[in-house]
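The following note sets out several points for a colleague to consider alongside the coordinates. Each point may be read on its own.

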Amino acid sequence: MSLRINDNNYFFIPPNNKNGLSTSLPSDFHKAKSFEFICDVEVDVEKMNKFNHQGYLMCLNGKHLGIFVGTDYIGASLWTEYGEEKIDLFPKDMTRNQRIHFVCNLEEKYIEIKNTGNLWKGKKHYFKGKLASDYRFSYLWIGCGNGFNDDARFQFYGKLHNVEIIKNNKTIFKTKFKQKTKFKVFDESNCGNHLIKYSKEWFE
């Protein structure tokens, strides 16, 4: 199963659950020792090339923190008190399915994209300073950088086949998109952190 992502179909996980159903909230990532974003993705290279910008696959909004792709590269970024820190990788073939495993270790102060196959070599980058304060109230977005702000959306185009989020070595969300409706993707980790399709009208 898969989920097609475009400018009419992108998702988020709210940092708080008003019904108290989440057993491990996807919030306060800036206080975590480490967290990981994992996804299997097919990039629509033709569509990405048409719009000529990077698109975020999994991202905390504010000053963007997460995984992004372009027509010929994969990367990850975060912002500290000193500015942006990022990694860029150039796979041999962007049209193939890519398994991307991003690690942000705030205790040892590094970001990493792991080697998950034969399309690229993994890369680790150490940084200095504390995370920017933006992430205290961030939403976690799937398929864009920030659905609240068109100028900072950085829309991704393509398909997702698998998504997993790990915080402090515990999986707090995962899906292979077997259980979904038009507006929701169910969390298979049993933590209650379901993906919600973004609709501007719901926030007005």
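**Notes on the predicted model**

1. Strand 4 (residues 55-60) and strand 11 (residues 140-142) run antiparallel and are joined by 3 bridges. Within this pairing, L60 has L140 of strand 11 as its bridge partner. The model is a predicted one, and the remarks below should be read accordingly.

2. As to the chain overall, it contains 1 helix and 15 strands. Its radius of gyration is 16 Å, close to the 17 Å that the globule rule gives for 204 residues, so the chain is as compact as a globular protein of that length. Along the principal axes, the C-alpha atoms fill a box of roughly 45 × 40 × 30 Å. Of the 204 residues, 53% count as buried. When contacts between residues at least 6 apart in sequence are considered, 60% of them join residues at least 24 apart.

3. Strand 3 runs antiparallel to strand 8 (residues 98-105), with 8 bridges between them, and C39 stands opposite I100 of strand 8. Strand 3 is also antiparallel to strand 12 (residues 158-167), to which 9 bridges join it; here F37 stands opposite I165. As a general point, side chains in a regular strand alternate between the two faces of the sheet.

4. Two residues call for a check of backbone geometry. Most residues other than glycine have a negative phi. F177, in the loop between strand 13 (170-175) and strand 14, has a positive phi near 65°. N190, in the loop between strand 14 and strand 15 (195-197), likewise has a positive phi, of about 65°, although it is not a glycine. Are these residues buried or exposed? F177 has 0% relative accessibility and therefore counts as buried, the limit being under 20%. N190, by contrast, counts as exposed because its relative accessibility is 69%, where over 50% is required.

5. K174 is found in strand 13 and is partly exposed, with a relative accessible area of 37%. Which residues does K174 touch, leaving aside those up to four places away in sequence? They are V163, E164, F186, D187, E188 and S189. For K174 and D187, the C-alpha to C-alpha distance is 5.7 Å, and the two are 13 residues apart in sequence.

6. The last point concerns the second largest pocket, whose volume is about 180 Å³. Of the 14 residues that line this pocket, those closest to its centre are Y10, G147, R153, Y198 and K200. By class, the lining has 4 nonpolar, 5 polar and 5 charged residues.

Terms used. Residues numbered from 1 in each chain as written. Predicted model: local features only at pLDDT ≥ 70, side-chain atom pairs only at ≥ 80, totals over all residues. Heavy atoms only, no water. Pairing = 2+ DSSP bridges. Helix = DSSP H or I, 4+ residues; strand = E, 2+ residues; numbered from the N terminus. 1 Å grid on protein atoms, 1.4 Å probe; cavity = no way out; pocket = protein on both sides within 12 Å on 5 of 7 lines; lining within 4 Å. Points joined across faces, edges and corners; volume = space filled by probe spheres on them. Nonpolar A, V, L, I, M, F, W, Y, C, P; charged D, E, K, R; others polar. Rg over C-alpha atoms; globule rule 2.2 N^0.38 Å. Buried < 20%, exposed > 50% of the residue type's maximum accessible area, 1.4 Å probe, protein only. Contact = heavy atoms within 4.5 Å.
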